[in-house]
Amino acid sequence: MPLSAKASRTPLLFGAAVVAASALLGYASYRATAPSGTPAGGSAEHAAAGESGPALSRSARRDPADGLAVGRTDAPVVLVEYADFRCGYCGKFARDTEPALIEKYVENGTLRIEWRNYPIFGAESERAARAAWAAGRQGRFHAFHRAAFAEGAKERGFDAARLLELAETAGVPDLDRFRTDLDSGAAEAALRADRAEGTRIGVSSTPSFLINGVPMAGAQPTDTFFDAIDAAAAEAERSGNAPAGSAATASAGTASADPSAVPGVMADPVR
């Protein structure tokens, strides 16, 4: 898919809150493909953010038992990622940007990253999503995530034998339990819950992100994520939402992300 192509929208969304959330995510995609001279901000952006920003910020679960998350549950900034293991741009983010975010922000307590399975490429995507969840049941989601997003990994596919190989590479200790969990009703229910959440708020491409409820579309440059996280941490500190003793201001600057500087949305659209 050409980098300049805009993501297509999910076909049906219901309710005023959902429409507002979808509009905000759609606006993020527009900003990411806008010419560099297009002014940021404006009444439409602020109206959308005012209506749906709080609803989007509630997408952060902060569940201490979440095996698909990394970082403190009381971190002042939460990045929620909606992604697919067969999405090339999701792999680009996983390899090029996420390790830098973990080193710079997760390790000092500023950032928590929560993964949502949002498979859009059919049966193989769904199998990989269930396998990642199953690996997470044994504390090996992030190792599975790294193996599944390694350069050239998605070209090998995600059939049953390959998923078992990835689980072995990830160091999943009980492979029999992994197989059982992968095909369980609990895995399917978790996948449905993630997908329903993404659809409800208007996710129309992968990867899609929320950073303290502010949407970002596509595998943007690492510095764009740095700017957005710095701005969210500073806002959390100003509003008193940063936990006492957190590192919210240790790395927080005043710059805000300007997606208009990015020539295209590096994302795969929902089919």
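**Figure 1. A salt-bridge network links R61, R112, E114, R116, D194 and E197.** The view is taken from a predicted model. The charged side chains joined in this network are those of the arginines R61, R112 and R116 and of the acidic residues E114, D194 and E197. Across the whole structure, a search finds 19 salt bridges. Three further pairs are shown in the next views.

**Figure 2. E124 and R86 form a salt bridge.** The closest N and O atoms of E124 and R86 are 3.9 Å apart. E124 lies in helix α5 (residues 123-136), whereas R86 lies in the loop between β2 (77-83) and α3 (88-96), so the pair ties together parts that are 38 residues apart in sequence. E124 is partly exposed, with a relative accessible area of 25%. R86 is also partly exposed, and its relative accessible area is 31%.

**Figure 3. E126 and R195 form a salt bridge.** In this pair the closest N and O atoms are 2.9 Å apart. E126 belongs to helix α5 and R195 to helix α9 (residues 185-201), so the contact ties together parts that are 69 residues apart in sequence. E126 has a relative accessible area of 26% and is partly exposed. R195 counts as partly exposed, at 26% relative accessibility.

Figure 4. E235 counts as partly exposed, at 41% relative accessibility. R238 counts as exposed, because its relative accessibility of 60% is over the 50% cut-off.

**Figure 5. Five strands, β1, β3, β2, β5 and β6, make up an open sheet.** The strand order is β1-β3-β2-β5-β6, and the pairing is mixed. The edge strands are β1 (69-70) and β6 (214-217), each of which pairs on one side only.

**Figure 6. Strands β2 and β5 pair within the sheet.** β5 covers residues 208-211, and its pairing with β2 is antiparallel, over 4 bridges. E81 stands opposite F209, a residue of β5. The loop that holds R86, shown in Figure 2, runs between β2 (77-83) and α3 (88-96).

Conventions: Residues are numbered from 1 along each chain as its sequence is written. This is a predicted model: local features need pLDDT of at least 70, side-chain atom pairs count only at pLDDT 80 or more; totals for chains, interfaces and linings use all residues. Side-chain values use heavy atoms; hydrogens and water are left out. A salt bridge is a side-chain nitrogen of Lys or Arg within 4 Å of a carboxyl oxygen of Asp or Glu. Buried means under 20% relative accessible area, exposed over 50%, partly exposed in between (1.4 Å probe, protein chains only). Two strands pair if DSSP finds at least two bridges between them.
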